[in-house]
Amino acid sequence: MKKIVLFILLSSTFCFSQNSTDLEKLNETLKTEKATLLEKKKSIENQISDIDTKIRNNNSKITILNFKKNAITTLLKRNCSFYETPNENSKIIEFPKKKTNIYLIEYYAYGTYFKAIYNNKIGYIKEKDIRQIKNVRELKLAKKSDNTYSNSLLSKESTKKTNEKKRTYSRSYYRGSRGGCYYINSNGNKSYVSRSLCN
């Protein structure tokens with residue numbers, strides 16, 4: 001009888017230690033799987049972040065190309081500074097060299113600056129640093145009368161239309177490739193309006 005009891009006790013102890021070992025193995029497996037999943041999650045999040053960055057960079061390039069398409073190109077008269085805001089005390093983005101091209105987007109009505117593109121960056125350049133060709137003078141005249149940023153992005157063709165047809169408006173309207181009518185708002189984006197304004 002003692003042998004049977006001893007056998008039962010030894011068997012139950014063995015089973016308990018076996019179950020305990022299995023439970024530990026299971027916990028280790030779960031920890032490993034969790035760590036693997038967390039690592040995969042982090043990797044996917046990094047990939048999403050990289051894709052978001054690429055999308056932002058791509059959108060920025062598209063915006064700059066759209067601005068360039070409608071901008072007025074002129075040359076710099078001297079070596080100068082390209083500012084982040086239309087203010088001499090603001091951060092300098094670049095130091096453009098004399099006789100290089102700069103793309104003018106709009107005239108800053110309060111002062112003597114143009115919003116411009118240089119080296120695929122958007123910033124501000126002093127009026128005195130650029131060559132005053134005819135289209136540059138016309139861009140200055142197109143500034144809004146309420147002393148805010150001009151809403152016009154004038155190309156050679158749209159300059160005539162603005163002077164002849166849109167004298168009563170403070171902004172210039174453009175006909176899109178699909179027939180829509182829009183103007184460029186102060187953020188540099190297209191704002192669509194009634195098609196009749198482009199007639």
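Reply: A residue is called buried when its relative accessible area is under 20%, exposed when over 50%, and partly exposed in between (1.4 Å probe, protein chains only). The model is predicted, so local features need pLDDT of at least 70 and side-chain atom pairs count only at pLDDT 80 or more, while totals for chains, interfaces and linings use all residues. Residues are numbered from 1 along each chain as its sequence is written, and side-chain values use heavy atoms, with hydrogens and water left out.

Side chains of opposite charge can pair when their charged atoms come close. A salt bridge here is a side-chain nitrogen of Lys or Arg within 4 Å of a carboxyl oxygen of Asp or Glu. The structure holds 5 of them.

One of these joins R78 to D129, with 3.0 Å between the closest N and O atoms. The two are 51 residues apart: R78 is in the loop between β1 (72-75) and β2 (82-83), and D129 in the loop between β6 (121-126) and α2. Helices (H or I, at least four residues) and strands (E, at least two) are DSSP runs, numbered from the N terminus. R78 is partly exposed at 35%, whereas D129 is buried at 5%.

K126 and E88 form another, at 2.1 Å from N to O. K126 is in strand β6 and E88 in the loop between β2 and β3 (92-94), 38 residues apart. Here K126 is buried, at 10%, and E88 is partly exposed, at 48%.

K115 and E106 also meet in a salt bridge, at 3.9 Å from N to O. K115 is buried, at 11%, and E106 is buried too, at 4%.
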